[in-house]
Amino acid sequence: MAVLVGSLRRGSLNRMMASTAREVAPAGMELVDIAIGDLPLYNQDLDTDAPPAAWKRFRDEMRACNAVLFVTPEYNRSVPGLLKNAIDVGSRPYGQSIWSGKPAAVISVSPGALAAFGANQHLRQSFVFLDMPALQQPEAYIGNAAKLFDEKGRMTNDDTREFVRKFMAAFAQWIGKTGRAS
Ligand SMILES: Cc1cc2nc3c(=O)[nH]c(=O)nc-3n(C[C@H](O)[C@H](O)[C@H](O)COP(=O)(O)O)c2cc1C
């Protein structure tokens, strides 16, 4: 399963959450970090038989994954451009989208109280067109996230860890139910 994190920041709370998700995921669920920070901005003129190397690397790595966990901050009440660009790169060339049919789940993380709700919902809007069956419940809105980790980035809140554990178990079940054999 691919993990895409919508922040490049050192000390990213979303990156910390991705680590927590890996820690508590059910046995046998492999979480593969896929880099998106080096993807040139999508430009259809570059999408030839010889696209940018980073696009090719990303598309190949994503093709090998059976599902996608998105861990995202919210920028201006929506999905950070970093993550939207990765979605756009993966969706093309037309008819060769790497997203089609892959089960998806979203954890949105913010130091604010609204828990990046806007980014979480906007991502789900893209899933409809991308034909990604999205885990509906539980939803994962993690607010006030700066208080959840220690200085080494480890989750210190037992209730949240338990919630993420249940979330990942539900995602594993969802993948079993909706995933296509690849
Ligand atoms: C350009 C920009 C826009 C932001 N907009 C929002 C926002 O709409 N909602 C929100 O909760 N936080 C917003 N923030 C604050 C982020 O939630 C905060 O920087 C968070 O730590 C980002 O996630 P990270 O720790 O994984 O990098 C914004 C930050 C930036 C840099």
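Modeller: Buried means under 20% relative accessible area, exposed means over 50%, and partly exposed lies in between, using a 1.4 Å probe and protein chains only. This is a predicted model, in which local features need pLDDT of at least 70 and side-chain atom pairs count only at pLDDT 80 or more, while totals for chains, interfaces and linings use all residues. Residues are numbered from 1 along each chain as its sequence is written, and side-chain values use heavy atoms, with hydrogens and water left out.

Colleague: Is lysine 84 buried, partly exposed or exposed?

Modeller: Lysine 84 forms a salt bridge with aspartate 88, that is, a side-chain nitrogen of Lys or Arg lies within 4 Å of a carboxyl oxygen of Asp or Glu. The relative accessible area of lysine 84 is 34%, so this residue counts as partly exposed.

Colleague: How many residues apart are aspartate 88 and lysine 84 in helix H3?

Modeller: Helices are DSSP runs of H or I with at least four residues, numbered from the N terminus, and helix H3 covers residues 81-90. Aspartate 88 and lysine 84 are separated by about one helical turn, because their spacing in this helix is 4 residues.

Colleague: What is the relative accessible area of aspartate 158?

Modeller: Aspartate 158 meets arginine 161 in a salt bridge, at 3.1 Å from N to O, and the two residues lie 3 residues apart in helix H5 (residues 158-178). Arginine 161 is partly exposed at 24%, whereas aspartate 158 is exposed, with a relative accessible area of 55%.
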